[in-house]
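Here are my notes on the model, point by point. Please read them with the structure open.

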Amino acid sequence: YAAREKPLIGKVVAVGPGALADDGSRKPMEVKSGDRILYGKWTGSEVHIDNTDYLIMRENDILAII
(Lines give C-alpha, C1' and ligand atoms only; values in the text may rest on other atoms or scores of the structure.)
Protein backbone atom coordinates (compact mmCIF):
# COMPACT_ATOMS: atom_id res chain seq x y z
CA TYR A 1 0.00 0.00 0.00
CA ALA A 2 1.42 3.39 -1.00
CA ALA A 3 -0.08 6.65 0.18
CA ARG A 4 -0.67 9.07 -2.68
CA GLU A 5 -1.11 12.79 -2.20
CA LYS A 6 -3.34 14.71 -4.58
CA PRO A 7 -1.45 17.41 -6.50
CA LEU A 8 -2.15 21.03 -5.62
CA ILE A 9 -3.06 23.84 -8.03
CA GLY A 10 -1.19 27.13 -8.01
CA LYS A 11 -0.67 30.24 -10.11
CA VAL A 12 2.76 31.30 -11.32
CA VAL A 13 3.45 34.89 -10.25
CA ALA A 14 7.07 35.17 -11.44
CA VAL A 15 9.72 33.13 -13.25
CA GLY A 16 13.49 33.31 -13.31
CA PRO A 17 15.77 33.61 -16.34
CA GLY A 18 15.99 29.84 -16.90
CA ALA A 19 18.50 27.14 -16.08
CA LEU A 20 22.15 27.81 -16.84
CA ALA A 21 23.64 25.33 -19.33
CA ASP A 22 27.26 24.11 -19.27
CA ASP A 23 28.17 26.48 -22.12
CA GLY A 24 26.85 29.51 -20.19
CA SER A 25 23.63 29.90 -22.19
CA ARG A 26 20.17 29.90 -20.62
CA LYS A 27 17.52 27.26 -21.24
CA PRO A 28 14.24 29.18 -21.75
CA MET A 29 11.47 28.60 -19.21
CA GLU A 30 8.39 26.70 -20.35
CA VAL A 31 6.15 28.29 -17.70
CA LYS A 32 5.28 31.97 -17.60
CA SER A 33 3.62 34.35 -15.17
CA GLY A 34 -0.11 33.73 -15.01
CA ASP A 35 0.08 29.98 -15.81
CA ARG A 36 -1.92 27.63 -13.58
CA ILE A 37 0.14 24.62 -12.53
CA LEU A 38 -0.11 21.32 -10.67
CA TYR A 39 2.60 20.54 -8.13
CA GLY A 40 3.23 18.05 -5.33
CA LYS A 41 2.38 18.79 -1.71
CA TRP A 42 6.00 18.62 -0.51
CA THR A 43 7.49 20.61 -3.41
CA GLY A 44 9.45 23.85 -3.05
CA SER A 45 10.24 26.23 -0.21
CA GLU A 46 7.68 28.48 1.44
CA VAL A 47 8.50 32.18 1.93
CA HIS A 48 6.46 35.03 3.44
CA ILE A 49 6.91 38.45 1.80
CA ASP A 50 4.76 41.54 2.49
CA ASN A 51 2.00 39.55 4.24
CA THR A 52 1.76 37.10 1.32
CA ASP A 53 2.89 33.47 1.27
CA TYR A 54 4.77 32.23 -1.81
CA LEU A 55 6.19 28.88 -2.84
CA ILE A 56 9.54 28.86 -4.63
CA MET A 57 10.20 25.77 -6.77
CA ARG A 58 12.23 24.52 -9.67
CA GLU A 59 10.53 24.20 -13.03
CA ASN A 60 11.19 20.45 -13.11
CA ASP A 61 9.13 20.09 -9.88
CA ILE A 62 6.00 21.24 -11.75
CA LEU A 63 3.79 18.27 -12.65
CA ALA A 64 1.68 19.99 -15.32
CA ILE A 65 0.63 23.33 -16.78
CA ILE A 66 -3.18 23.49 -16.92
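1. The sheet. In this predicted model, three strands form an open sheet in the order β1-β4-β7. Pairing is antiparallel. The edges are β1, residues 8-11, and β7, residues 62-65. Each of these edge strands pairs on one side only. From one strand to the next, the twist averages 35°.

2. The β1 and β4 pairing. Strand β4 covers residues 36-39. It pairs with β1 in the antiparallel sense, over four bridges.

3. The salt bridge. How many salt bridges are there? The count comes to one. The partners are Asp35 and Lys32, and their closest N and O atoms are 3.1 Å apart.

4. Exposure of the two partners. Is Asp35 buried or exposed? Asp35 has a relative accessible area of 11%, so it is buried, the limit being under 20%. Lys32 has 53% relative accessibility, so it counts as exposed, the limit here being over 50%.

5. The nonpolar patch. Which residues make the nonpolar surface patch? They are Val13, Ile49 and Tyr54, and the patch has an area of about 270 Å². Tyr54 belongs to strand β6, residues 52-56. With a relative accessible area of 34%, Tyr54 is partly exposed. This value passes the patch criterion, because patch residues need over 30%.

Notes. Residues numbered from 1 in each chain as written. Predicted model: local features only at pLDDT ≥ 70, side-chain atom pairs only at ≥ 80, totals over all residues. Heavy atoms only, no water. Pairing = 2+ DSSP bridges. Helix = DSSP H or I, 4+ residues; strand = E, 2+ residues; numbered from the N terminus. Axes fitted to C-alpha atoms, helices over the stretch in contact; angles between N-to-C directions. Salt bridge = Lys/Arg side-chain N within 4 Å of Asp/Glu carboxyl O. Buried < 20%, exposed > 50% of the residue type's maximum accessible area, 1.4 Å probe, protein only. Patch = residues over 30% accessible without salt bridge, like charges linked within 9 Å, V, L, I, M, F, W, Y side chains within 5 Å. Areas by Shrake-Rupley, 256 points an atom, 1.4 Å probe, with all protein chains shown as cover.
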